Amino acid sequence: MSVTVDQSAAVQLNVTKVAGRIGAVVHDVTLDADLPPTTVEALRAALHEHKVLFFREQRHLDDTAHEAFARLLGDPVSHPTVPSADGRYIFELDATKGARANNWHTDVTFVPAYPKASILRAVEIPPYGGHTIWANTAAAYQALPEPLKRLAEGLRAVHTNDFDYAARLGLREDLADNKEVAALFRQVFISTAFKTEHPLVRVHPETGERTLLLGAFTQRIVGLSTEDSTALIALFQRFIERPENVVRWQWTVGDVAIWDNRATQHYAVNDYGDLPRVVRRITLDGDVPVGVDGEPSRLLEPTAPPRVAGIVPAAELERERLAAAGD
């Protein structure tokens with residue numbers, strides 16, 4: 001059933017919920033750089049409420065328009081380890097190169113100020129399979145029994161991009177058309193090894209919600225053995241993955257999904273064999289998470305950080321990029 005929702009931003013969005021706790025389709029909005037500020041604010045409010053928004057029939061978007069629209073919602077940032085081929089902020093996931101993110105994860109949590117949101121565009125979609133699933137990590141926290149809430153709020157976890165890489169991050173050379181290209185992509189992804197300590201429960205800076213901060217980049221719980229860390233991570237992750245906390249999206253070319261990366265995890269289902277699947281993503285600059293106790297996340301490695309998004313302020317990186325473009 002389609003309903004009209006007043007997002008208290010002087011405009012009304014025509015929104016259809018997809019699942020009970022997460023996900024909504026936004027109708028009658030064409031994504032471009034000319035959207036009025038009131039519509040942008042309404043989209044931002046809807047994103048905070050529904051965690052992931054879906055838009056059909058956005059085939060007019062190319063890489064340039066994708067980036068231009070993204071700037072209305074925040075500052076685009078490059079991937080910390082995988083450079084763009086053309087200087088844009090587009091990060092392409094091409095299944096023929098082995099890029100299959102078939103694991104539960106929150107984008108780029110191995111750096112402190114990981115992205116606040118991601119905007120994903122479907123470019124080439126297989127005739128079957130290749131769906132994406134999102135989970136509401138705020139709802140997962142709320143579902144915890146009180147003793148587990150108190151336990152989670154006192155824990156911190158180390159996230160890294162170089163932990164059990166092949167098994168957990170889904171970039172598989174054996175599934176790629178060009179295994180050499182896939183191996184190179186994997187090598188580039190871990191070219192700089194990051195380790196960041198995050199609170200297991202972060203406080204959302206805009207909604208005040210408490211969310212579970214875990215996913216495939218999580219290596220261990222601080223102060224616990226490997227065995228105990230694995231058990232606790234699995235326990236809390238199980239609440240995130242509960243069916244009532246998730247939404248599943250069947251892509252068609254031209255679809256766009258925007259999700260709050262501070263309150264979700266997602267999983268790209270790898271069930272389409274060797275068929276092509278290409279999606280392109282832009283991430284928006286985030287903030288350093290803060291736990292319930294007020295303690296922020298902190299970078300552990302490298303001790304002398306490279307100049308990448310999530311570590312150096314985005315505004316400084318953008319000034320340098322624009323200056324270089326003018327040379």
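A polar contact is a pair of N or O atoms within 3.5 Å, where, within protein, one must be able to donate a hydrogen and the other to accept it. The views below show a predicted model.

View 1. The side chain of Arg281 makes a polar contact with the side chain of Asp107, at 3.2 Å. Arg281 has a relative accessible area of 8% and is therefore buried, since buried means under 20%. Beyond residues up to four places away in sequence, Arg281 touches His66, His79, Tyr89, Ile90, Phe91, Asp107, Val108, Ser118, Ile119, Leu120 and Trp259.

**View 2. The largest nonpolar core, with 26 residues.** Leu31, Phe55, Ile119 and Ile258 touch the most other members of this core. At least two residues each are supplied by β2 (12-17), β3 (24-27), α1 (37-50), β4 (52-55), α2 (63-73), β7 (117-124), β15 (256-260) and β17. Helix α1 gives the largest share, 5 residues. Ile258 is in contact with Leu47, Lys51, Val52, Leu53, Phe55, Phe69, Leu73, Ser118 and Ile119, leaving aside neighbours within four places in sequence.

**View 3. The salt bridge between Asp255 and Arg56.** The N to O distance between the two side chains is 2.4 Å. Asp255 sits in the loop between β14 (246-249) and β15, and Arg56 in the loop between β4 and α2, so the bridge ties together parts 199 residues apart in sequence. Asp255 counts as buried because its relative accessibility is 0%, whereas Arg56, at 36%, counts as partly exposed.

**View 4. The salt bridge between Asp63 and Arg121.** These side chains meet at 3.0 Å, N to O. Asp63 belongs to helix α2 and Arg121 to strand β7, and the pair links distant parts of the chain, 58 residues apart. Both Asp63 and Arg121 are buried.

**View 5. The salt bridge between Glu153 and Arg210.** The closest N and O atoms of the pair are 2.9 Å apart. Glu153 is in helix α4 (residues 146-153) and Arg210 in strand β12 (residues 210-212), so parts 57 residues apart in sequence are tied together. Glu153 counts as partly exposed at 23% relative accessibility, and Arg210 counts as partly exposed at 32%.

**View 6. A network of salt bridges.** The linked residues are Arg202, Glu206, Asp260, Arg262 and Asp287. The structure holds 17 salt bridges.

Note on methods
Residues numbered from 1 in each chain as written. Predicted model: local features only at pLDDT ≥ 70, side-chain atom pairs only at ≥ 80, totals over all residues. Heavy atoms only, no water. Buried < 20%, exposed > 50% of the residue type's maximum accessible area, 1.4 Å probe, protein only. Contact = heavy atoms within 4.5 Å. Core = buried A, V, L, I, M, F, W, Y, C linked by side-chain atoms within 4.5 Å. Helix = DSSP H or I, 4+ residues; strand = E, 2+ residues; numbered from the N terminus. Salt bridge = Lys/Arg side-chain N within 4 Å of Asp/Glu carboxyl O.
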